[in-house]
Amino acid sequence: MRWERLWQSVGMAGIVVFFVSAFSPLPNALYRWSASSSEVRPADAIVVLGSSVGANGVLGCGSLQRAVRGITLYRASEAPLIVFSGPNLTGVNEAQVRAELARALGVPSGAILVEDEAFTTREEAARIGATLRGRNLRRILLVTDPQHMRRARALFERVGLQALAATAESAGAADTAPEGRLSLMRETLGELLARSYYHAAGYL
Amino acid sequence: MDQAFLLILTGVTSILALLVGVWRLRLPLSSLKRGASRALECLGVMLGFFVLNLAVGIAGTLLWRQATGIFLSLYHVNDATLLGISLLQGLVFEWWRRESREPKG
């Protein structure tokens, strides 16, 4: 009997969470609460964090949004250097694909740096931080999505850089369709879990 | 509009199923509550498997990274397929438990 009661309660909780996530504005509110906003000012470099690239060489949505945001900032003369991050996880080098895109959109090769050996946000901060400090560059415009920004920014500040947020917004943040809200909820909970892990591990 | 459409659609088909159950199949309404309770229990076990899979997946990935130094992405557990497989695991486990408990025949 206790078994039945326990699992019935879990099942009911699951249904409540599902309906609240799909049919209420809670995911959008949670997103806004956990997201950072932009504070774009001239900097020494633009750092575009990695996301994903397909085995066919096509950038994932988030990766493309971040890359375009970084290129737009460069074209607006917010910084003289742009760093593209992104490892080779699928047989395709994400950072190189983004660098090629930037060149095709008019960014000179000399203004592009590529970091393709960092797999996590912490490794990106450590490796890019070391490279930029070596060039005596201290103030960066950090490009990532609004939810990821808080964790990423803290990591870059820990390695001695002044990180200004330049968020790459996605259309999903304003989605009110049930499936969109479920995706938003999943992304938000994933980022909150990642933040908790980084805190527990002493990375933040 | 998306939300209202889905709720109205599933509401209408639920009412149709209720009418078919009562009038066509002559199912007693009194057993609907018991059926819903069993469905909830089954769903609970499915979600239990999902949480277990997530926890083992995350812990296993982090341990693998520590032990081997080889990167394995945590995003592998952030895949909707895991929910589908977990639901299947829960369904089989719950029916196994029920079949073992209920008298044959």
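## Basis

The model is predicted: local features need pLDDT of at least 70, side-chain atom pairs count only at pLDDT 80 or more, and totals for chains, interfaces and linings use all residues. Residues are numbered from 1 along each chain as its sequence is written, with chains lettered from A and ligands numbered from 1 in the order in which they are written.

## Chain B

Chain B has three helices and zero strands. Its pattern along the sequence is α-α-α. Helices (H or I, at least four residues) and strands (E, at least two) are DSSP runs, numbered from the N terminus.

The radius of gyration of chain B is 20 Å, whereas a compact globule of 105 residues would have one near 13 Å. The radius is taken over C-alpha atoms, and the globule rule is 2.2 Å times the number of residues to the power 0.38. The C-alpha trace of chain B spans about 65 × 50 × 15 Å along its principal axes. Of its 105 residues, 12% count as buried. Buried means 20 or more other C-beta atoms within 10 Å of the residue's own; exposed means 12 or fewer, and partly exposed lies in between, with C-beta atoms placed from the backbone.

## Contact between chains A and B

Chain A gives 14 residues to the contact and chain B gives 14 residues. Two residues are in contact if their C-beta atoms, placed from the backbone, lie within 7 Å. On the side of chain A that touches chain B, α1 (2-23) and α7 (178-200) of chain A each give two or more residues. The largest share, nine residues, comes from α1(A).

## Domains of chain A

Chain A is assigned domain 1 (2-34 + 173-200) and domain 2 (45-169). The bounds come from an automatic or database domain assignment. Taken over C-alpha atoms, the centres of the two domains are 29 Å apart. Domain 1 of chain A puts nine residues into their contact, and domain 2 of chain A puts in four residues. On the domain 1 side, α2 (26-34) and α7 of chain A each supply at least two residues. α7(A) gives the most, with six residues.

## Positive phi

Most residues other than glycine have a negative phi. Ser77(A), not a glycine, has a positive phi of about 60°. Ser77(A) lies in the loop between α3 (61-75) and β2 (82-85) of chain A. It counts as exposed, with 8 C-beta neighbours inside 10 Å.

Arg26(B), also not a glycine, has a positive phi of about 55°. Arg26(B) sits in the loop between α1 (2-24) and α2 (30-68) of chain B. Arg26(B) is exposed, with 7 other C-beta atoms within 10 Å.
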